[in-house]
Amino acid sequence: MDPYFDGLLESLERRFQNLDLLGVFHVLSPQAATGDEAIYVANLQLLASKCLQADCNEVLQEWSSFKQQLIVGAFKDLDQQQVMQELASEVGEWGLLYPSLRKLAAIGLTIPVSSVNCERDFSTLNRVKTDLRNRLQGEHLATCMRLSINGPPTRDFPFRRALELYVMSNHQL
């Protein structure tokens, strides 16, 4: 094959080597309880070894009880995200009953699906911290970025009113 494509494939494989790990969080969905048990046991073992560095037996014991909740219990009508949110909740009883599965759910909910937000934030940083504003740091930079990302559009800002308030406050330009 062409060396360019070989390099491209190698780069993609290196960059996305843990995609299979993201897919195994499906074990915490209601559909998992009715599927092939061997597949879900293997997925739980992979999650326990990669995410918890814990004994897989504890996770498997919790799974055998939790599976019933997915089939006929409290989680039977929920989707995967709702199940994971209930498990990871600090206030619910499910985290106390299934502490290992609770940790896995919390990890699964915090894994970013893509790097879009990170890339968007860096683009915002490049817009906010220019060569003329290179001394922005800390809280001031964070505030400017929050305003740029979440704030009202500049076209809606009452510039005239802000100038009037500034002049009335006896500040000098």
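Let's start with Glu-62, which sits in helix H4, the run covering residues 56–71. Keep in mind that this is a predicted model. Glu-62 is buried and yet has no salt bridge. Elsewhere, a search of the whole structure turns up four salt bridges, and helices H3 and H7 pack at an angle of about 75 degrees.

**Glu-62, the charge without a partner**

- The nearest side chain of opposite charge to Glu-62 belongs to Lys-103, and that is 8.2 Å away. A salt bridge needs the nitrogen and the carboxyl oxygen within 4 Å.
- So what does Glu-62 touch, once its neighbours within four places in sequence are left aside? Its contacts are Tyr-98, Pro-99, Ser-100 and Leu-101.

**Where H3 crosses H7**

- Helix H3 takes in residues 37–52 and helix H7 takes in residues 99–110; their axes lie 11 Å apart and the packing angle is about 75 degrees.
- That angle puts H3 roughly perpendicular to H7.
- On the H3 side, the residues involved are Leu-44, Leu-47, Cys-51 and Leu-52, and they meet Ser-100, Leu-101, Lys-103, Leu-104 and Ile-107 of H7.
- Sorted by type, the residues of this H3–H7 contact come out as seven nonpolar, one polar and one charged.
- Some names here also came up with Glu-62: Ser-100 and Leu-101 are among its contacts, while Lys-103 carries its nearest opposite charge.

**Salt bridges**

- Of the four salt bridges found in the whole structure, one joins Glu-37 to Lys-67, with the closest N and O atoms 2.8 Å apart.
- Glu-37 belongs to helix H3 and Lys-67 to helix H4, so this pair ties together parts that are 30 residues apart in sequence.
- Another bridge has the side chains of Arg-102 and Glu-90 meeting at 2.6 Å, N to O.
- Arg-102 is in helix H7, and Glu-90 is in the loop between helix H5 (80–88) and helix H6 (94–97), so here the parts tied together are twelve residues apart in sequence.
- Glu-90 is exposed, its relative accessible area being 69%.
- There is also a bridge between the side chains of Glu-139 and Arg-146, at 2.9 Å from N to O.
- In that pair, Glu-139 is exposed with a relative accessible area of 53%, and Arg-146 is partly exposed with 44%.

**Asn-43, a buried residue in H3**

- Asn-43 is found in helix H3 and counts as buried, with a relative accessible area of 16%. The cut-off for buried is under 20%.
- Which residues does Asn-43 contact, leaving aside those within four places in sequence? They are Val-24 and Val-27.

**Pro-158, out in a loop**

- Pro-158 has its place in the loop between helix H9 (138–150) and helix H10 (159–168).
- Its relative accessible area is 45%, so Pro-158 is partly exposed.
- From Pro-158 to Asn-126 the separation is 32 residues in sequence and 25 Å in space, C-alpha to C-alpha.

Key
Residues numbered from 1 in each chain as written. Predicted model: local features only at pLDDT ≥ 70, side-chain atom pairs only at ≥ 80, totals over all residues. Heavy atoms only, no water. Helix = DSSP H or I, 4+ residues; strand = E, 2+ residues; numbered from the N terminus. Buried < 20%, exposed > 50% of the residue type's maximum accessible area, 1.4 Å probe, protein only. Lys, Arg positive; Asp, Glu negative; His and termini not counted. Contact = heavy atoms within 4.5 Å. Axes fitted to C-alpha atoms, helices over the stretch in contact; angles between N-to-C directions. Parallel < 35°, antiparallel > 145°, perpendicular 65-115°, else oblique. Nonpolar A, V, L, I, M, F, W, Y, C, P; charged D, E, K, R; others polar.
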